[in-house]
Amino acid sequence: MILNCKKEDMLLYAVTDRSWLNGETLYDQVEKALKGGVTLVQLREKKLDRESFKQEAIAMKELCHRYQVPLIINDDVDLALEVDADGVHVGQSDMEAEDVRKKLGPDKIIGVSAKTVEQALTAQAHGADYLGVGAVYATGSKADAKELNHETLQAICEAVDIPVVAIGGITRSNILNLKGRGICGVAVISAIFAQPDITQAARELRKLSLDIIGQKMPAALTIAGSDSSGGAGIQADIKTMTANRVYAMSAITALTAQNTTGVTGIMEVTPEFLSEQLDDIFTDIFPDAVKIGMVSSSALIEVIADRLKQYQAKNIVVDPVMVATSGSSLIAANAVETMQKKLLPLAALVTPNIPEAEILSGMKISTPEDMIRAAEKISTSFRCAVLLKGGHQLNDANDLLFRDGSFKWFNGKRIENPNTHGTGCTLSSAIASNLAKGYDLDTSVEKAKNYISGALAAMLNLGKGSGPMNHAYRIDGEF
């Protein structure tokens, strides 16, 4: 369920239109846009009968929620209520925002169109969560719409406290002209759906949108323990995120004394201090993805779950770290139950290895068929996607992605390297990095596996035990 409106949701706002289907379904086109990094979808229909519109909205909501993206219904407040959509967008000639709020309740998103500062202030006062302002350029979707000068757009942004989205005639060639006006994102139609490659068009517009709001670099947060040897944990996560070109932030759950031969000590942070770290991060540089690694106690897991829900974090990847590569236990027994109840249901993806999947599924895994059954059980139990890592324990480096009742194998090349310290941390951080950049889950997993294969193939040889990988293998430079 998507709750309330966040500034980050407004970055790339896609409005549907049947004008460019070209033999495809609207569902397929929207999925391509979501894969390209669209952050909000507005379902607009002018020709469908009501029952068909309702069924389409139900299917579209399921699709959008799979990508953790809100679905907004255009104009039709009653339909939005009927299908339990995430919100509704209304124009100046439609129902007033305060009346929409009375019908939809406090948790739904309400957007309002505005062309003047007065309209914007009125909409905000009446309970609007965001404004759609325009048309900022001539547009074919509303032939009678007059262009709104950029000075008025900026004045509206400066007058209100809620997010402002620019809409109308925005394309790759003119989007950067909106930079510096104070908008939180852009709403587009043909610039995505009329393009031959919808996914690529969305991906390019997302990058340009980040540029106009002044955030050129996606950000990712790792919540995990520190590894004093630098091969796993927070250190591996930060190296991986940096190598994958996202800005890395960290909230440390524990300090560990360890090296490549094993863990000799763990010192947890207090729940209060972990909470303070998370508050400081989310209220300043909001992460585009969150990776969660070693969390050794129930109290810390509860803090993380509480803060992730409070700030409505997206693209949460949970690596359920329970046992170190060396065999040392890294989590209290009662914390496993808390993780299952509080944390895993918030995840977009969980990345257990075979022993961890056996704990989470309650079954023994000895064959690839067992992997499928276990992944299905975990996915069904916690309503999230599962990447079950085969590793060298079962089937070389073949990993299984299970979600929405279906599975896909990601085959990996076996690399004869005994130094595998931190592989789980690295893989999950690489996936989170790719999700932060707007890639869909399949692409994020594939890119992450390619990265970890390269890091292993670099054959770094450090330490007396299972050594670390070379996270910086593709960064140019001399030793």
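This briefing covers the charged side chains of the structure above.

The model is predicted: local features need pLDDT of at least 70, side-chain atom pairs count only at pLDDT 80 or more, and totals for chains, interfaces and linings use all residues. Residues are numbered from 1 along each chain as its sequence is written, and side-chain values use heavy atoms, with hydrogens and water left out. The structure holds 28 salt bridges. A salt bridge here is a side-chain nitrogen of Lys or Arg within 4 Å of a carboxyl oxygen of Asp or Glu.

**Salt bridges of Arg-66**

- Glu-31 and Arg-66 pair through their side chains in a salt bridge, at 3.2 Å from N to O.
- Glu-31 sits in helix 1 (residues 26–35) and Arg-66 in helix 2 (residues 50–66), so this pair ties together parts that are 35 residues apart in sequence.
- Helices (H or I, at least four residues) and strands (E, at least two) are DSSP runs, numbered from the N terminus.
- Arg-66 also has a salt bridge with Asp-404, where the closest N and O atoms are 2.9 Å apart.
- Asp-404 lies in the loop between strand 16 (399–403) and strand 17 (406–410), while Arg-66 is in helix 2, so the pair ties together parts that are 338 residues apart in sequence.

**Exposure of these partners**

- Buried means under 20% relative accessible area, exposed means over 50%, and partly exposed lies in between (1.4 Å probe, protein chains only).
- Glu-31 is buried, at a relative accessible area of 17%.
- Arg-66 is partly exposed at 26%, and Asp-404 is partly exposed at 48%.

**Asp-237 and Lys-291**

- Asp-237 forms a salt bridge with Lys-291, with the closest N and O atoms 2.9 Å apart.
- Asp-237 belongs to helix 9 (residues 233–243) and Lys-291 to strand 12 (residues 289–292), so the pair ties together parts that are 54 residues apart in sequence.
- Both Asp-237 and Lys-291 are buried.

**Positive surface patch**

- Lys-207, Arg-245, Lys-447 and Arg-474 gather in a patch of positive charge on the surface.
- Patches are made of residues with over 30% relative accessible area and no salt bridge; like charges are joined within 9 Å, and nonpolar side chains (Val, Leu, Ile, Met, Phe, Trp, Tyr) within 5 Å.
- Lys-447 is in helix 17 (residues 441–457) and is partly exposed, with a relative accessible area of 35%.

Definitions and conventions
Accessible areas come from the Shrake-Rupley method with a 1.4 Å probe; for residues, only the protein chains shown count as cover. Lys and Arg count as positive and Asp and Glu as negative; His and the chain ends are not counted. The place of a charge is taken as NZ of Lys, CZ of Arg, CG of Asp or CD of Glu.
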